[in-house]
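This report covers selected residues and ring pairs. The sequence and the structure come first.

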Amino acid sequence: MRCKETCLASLAQAAVALLLAAGPAAAQPMAKLVPGESRIAFVSKQMGVPVEGVFKRFDAQIAFDPKKPENGSVALQIDTASASIGVAPVDMELPKAVWFDVARFPKASFQSSAIKAMGDGRYEVLGKLSLKGHARELAVPVTIAQAEGKSVASGSFTLRRLEFQVGDGEWRDTAMVADEVQVRFKLTLSDGL
């Protein structure tokens with residue numbers, strides 16, 4: 001009986017701590033993604049030549065106050081089946097298991113764990129990127145600018161595709177497709193920033 005009471009008390013304390021931790025982020029104003037004015041691109045080198053692709057479908061939930069960035073949060077979901085480099089035969093290969101394995105992993109996601117102000121509209125967003133069943137911690141530099149009543153969050157970062165097993169099998173040869181992939185984004189947001 002005593003363990004039961006202690007365990008219940010510990011559970012109640014944990015629940016209160018979680019609610020208090022979630023409170024400030026939940027109080028942040030929510031921004032809405034403007035899909036037609038937003039873009040997520042990726043640039044890889046194939047035999048030394050840069051090739052750019054895009055994800056055509058993605059969504060974001062952003063709670064952010066520039067005066068209290070540490071209380072903000074960013075959640076991004078990307079439809080991996082929407083990957084395209086604009087060349088039909090290649091685009092047909094991208095959903096396959098060797099690349100994005102869309103049948104098993106239809107979404108990639110990023111969830112922030114902290115946001116740090118760096119000055120002059122610049123921030124560092126720390127969080128976890130999950131892609132093709134693998135997760136890695138990232139520090140993403142973001143610049144936020146105001147334009148025509150909207151906020152534009154933009155930036156870029158580099159990841160290693162082989163850490164996520166993107167381009168597996170014969171495509172692991174980095175002489176064919178480089179391991180490093182640059183991700184560039186521009187998220188146009190309304191209501192909340």
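Is S84 buried or exposed? At 7% relative accessibility, S84 counts as buried (under 20% relative accessible area; exposed is over 50%, partly exposed in between, with a 1.4 Å probe and protein chains only).

## Basis

The model is predicted, with local features needing pLDDT of at least 70 and side-chain atom pairs counting only at pLDDT 80 or more, while totals for chains, interfaces and linings use all residues. Residues are numbered from 1 along each chain as its sequence is written, and side-chain values use heavy atoms, leaving out hydrogens and water.

## S84

S84 belongs to strand β6 (residues 83-84); strands are DSSP runs of E of at least two residues, helices runs of H or I of at least four, numbered from the N terminus. Leaving aside residues up to four places away in sequence, S84 touches F42, G53, V54, K56, D91 and L94 (contact: heavy atoms within 4.5 Å).

## Aromatic pairs

The whole structure holds four aromatic pairs (Phe, Tyr or Trp rings, the six-membered one for Trp, with centres within 6.5 Å; stacked under 30 degrees between planes, edge-to-face over 60, tilted for the rest). The F42 and F55 rings have centres 5.1 Å apart and planes at 50 degrees, so this pair is tilted. F42 is in strand β2 and F55 in strand β3, so the pair ties together parts 13 residues apart in sequence.

F55 is buried, at 12% relative accessible area. F55 also pairs edge-to-face with F100, at 5.7 Å between centres and 65 degrees between planes.
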